Amino acid sequence: MSVTGIIAEYNPFHNGHLYQFRQVRATDPDARIICVLSGSFTQRGTAAVLSKWQRAALAISGGADLVLELPFVFAVRSAQAFARGGVQLLDSLGIVDALSFGSEYTDLQQLQHTASQMDTPGLRNLLLEKLQQGQSYAAALSHSLAASSGIDEALLKKPNTILAIEYLRSLQQLHAQIRPCPLQRKTAAYHDTTIHAPLASASAIRTGLYQENPDTALLAQALPAESLRILLQHQKDHFLPDEEYLLRPLLQILFRTSLTGLRNIYGIGEGLENRLLAAASRSSSLTGFLAQVKSKRYPQSRLQRLMLYLLLNLSKTAIASFDKTGPLYARVLAFNETGSSLLHACKHSAKVPIITKTAQFLTSSQRAHGLHTLSPLQQMLAYDTMATDLYGLCFAKPQLPAQDFKTSPIFTKT
C-alpha cells in the first residue's frame with residue numbers, strides 16, 4: 001500500500017482537484033490519498049465557501065480516502081506556517097510515502113535547491129534588507145529568492161510555486177521520508193476571477209457563485225456535479241458566508257482592548273495597533289476598515305488573518321508555543337472504506353492521537369473555563385472549535401455554536 005498526501009483548501013472542490021487525484025493514480029493506480037484540509041477559514045483569512053465537513057465530503061466523493069483538518073493555528077497563517085503545519089501533520093501519521101502538490105514551476109531539483117537556500121544567512125540578510133526598505137514579506141522573499149536561485153521572479157510570485165518551495169523546505173527541515181511529487185498546475189491563474197472551463201481557478205468560481213444570477217452553465221463546466229449542486233443550493237438559499245458580518249464584533253474588541261492587550265495579539269507590531277484603532281473609529285464596513293489599514297507592509301491577506309487573530313484573541317505567546325510542537329493531533333473530517341483502513345494503520349504508526357470525537361479530548365465546558373486551564377493539545381483544538389463558532393457568524397442567520405462538539409466525521413461507503 002502506498003499513501004500520497006495532499007495539503008489543500010478545496011474552496012471549493014473543483015475540476016482541477018479532480019485532475020490532481022487522477023494524476024496521482026495515473027502514476028500509482030494503487031495509491032491511497034490522504035488530504036490535509038484547512039478548516040473554517042482559509043490560509044488568506046477568508047471564510048470558506050462551504051463548511052469544512054462539506055468540503056471534506058466533496059473531496060471524498062472526488063477520490064480522496066481520508067480527510068484530516070489542519071489546525072487553525074497553522075491553516076490561517078503565512079505560506080511558511082501553512083506548509084510546515086501540513087507537512088508535519090502528514091509526517092506524524094507514519095504512513096505517508098509521497099506529497100503531491102501543484103506548482104506553476106515543476107523543476108524539482110531547482111525547487112529543492114531554492115528551498116535549501118531559504119534558511120541560509122545570505123538569504124536571511126537579503127530578506128531583512130528588503131523588509132527594511134518597506135517591502136512586504138512576500139515581495140521581499142520573491143526578490144531575495146530570485147537573486148539567489150536563478151528562478152524567474154515572476155514565477156516566485158505565484159502562490160503555488162511559493163507553497164511548493166515551502167513544502168520542500170519543511171520536508172528538508174524534518175528530514176521526512178516523504179517523496180515530493182510536483183504537478184504542473186493546469187488550472188487558470190490563482191487570482192483569476194474569470195471562469196475558463198474546464199479548469200478554472202477557485203477564485204473565479206467563487207466570483208461567479210457570488211453573482212446575483214450565477215452562470216450555471218459555465219460553473220457546471222468547472223465543477224464536479226456534486227460540488228455544483230451543493231454550491232448552487234447554498235447560493236439559492238442565500239447561505240454563502242460574508243465576512244462583513246464580523247465587523248461589529250471586531251470593532252467591539254478593538255474599542256474595549258487596551259493598547260498593551262492589542263500588542264500581545266499575534267501579527268500586531270510596529271505601531272499597527274494605533275493604525276487599527278484609527279481605522280476602527282471611522283469604518284462602517286469591514287472592506288473599508290481593511291482598506292484603511294492596508295499598506296505595503298500589511299497587505300490584504302495579512303490583515304484578513306489578523307482580523308481573525310483579534311476575534312479569537314490569539315496571542316504571540318500561543319503561536320510561539322504551537323510552532324515548537326507542530327500539530328498535536330490528527331482530526332478526522334471525512335473518510336471512506338479505504339480511509340477506514342488508513343485510520344486503523346495510523347493508530348499503530350502515528351505520533352499524535354487520531355481524533356474522531358472532539359468531546360473525548362475537549363468539551364465545551366472545559367473550553368468555557370478558559371484556555372489557561374487546558375493542556376497544549378486542548379488549547380490548539382479549542383482554537384479550531386472557536387474558529388468554527390466564528391464562521392457561524394458569517395451568515396445573515398447565524399449558525400448555532402459548538403458544531404465541532406456535535407458533528408461526527410462523514411463516512412462514505414465506496
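Here, buried means under 20% relative accessible area and exposed means over 50%. The model is a predicted one.

Q: What makes up 53% of the 414 residues in the chain?
A: Buried residues do: they account for 53% of the 414 residues.

Q: Why is Ala402 called buried?
A: Buried takes a relative accessible area under 20%. Ala402 comes in at 18%, so Ala402 counts as buried.

Q: Where does Ala402 sit, and what is its phi?
A: Ala402 is in the loop between helix H21 (376–391) and helix H22 (403–406). Its phi is near 65°, a positive value in a residue other than glycine.

Q: Why is His238 called exposed?
A: The cut-off for exposed is over 50%. His238 has a relative accessible area of 71%, so the label exposed applies.

Q: Where would you look for His238, and what is its phi?
A: Look in the loop between helix H12 (225–236) and helix H13 (247–256). Phi of His238 is near 55°, which is again a positive value in a residue other than glycine.

Q: How do you know that the buried residues of H5 line one face of the helix?
A: Start with who they are: in helix H5 (residues 108–117), Leu111, Thr114 and Ala115 are buried. Looking down the axis of H5, you find these buried residues within an arc of 100°, so they line one face of the helix.

Q: What do the buried residues of H5 pack against?
A: They pack against two helices, H7 (137–149) and H9 (159–174). Packing here rests on contact, meaning heavy atoms within 4.5 Å.

Q: How do you know that the radius of gyration agrees with a compact globule?
A: Put the two values side by side. For 414 residues, a compact globule would have a radius of gyration near 22 Å, and the chain has 21 Å, so the two agree. As for extent, the C-alpha trace spans about 55 × 50 × 50 Å along its principal axes.

Q: Among contacts between residues at least 6 apart in sequence, how many join residues at least 24 apart?
A: That share is 73%.

Q: What is the peptide bond from Asn11 to Pro12, cis or trans?
A: Cis, with omega near 5°. Pro12 itself is in the loop between strand S1 (3–8) and helix H1 (15–27).

Technical notes. Residues are numbered from 1 along each chain as its sequence is written. This is a predicted model: local features need pLDDT of at least 70, side-chain atom pairs count only at pLDDT 80 or more; totals for chains, interfaces and linings use all residues. Side-chain values use heavy atoms; hydrogens and water are left out. The radius of gyration is taken over C-alpha atoms; the globule rule is 2.2 Å times the number of residues to the power 0.38. Buried means under 20% relative accessible area, exposed over 50%, partly exposed in between (1.4 Å probe, protein chains only). Helices (H or I, at least four residues) and strands (E, at least two) are DSSP runs, numbered from the N terminus. The arc is that of the directions from the helix axis to the C-beta atoms.
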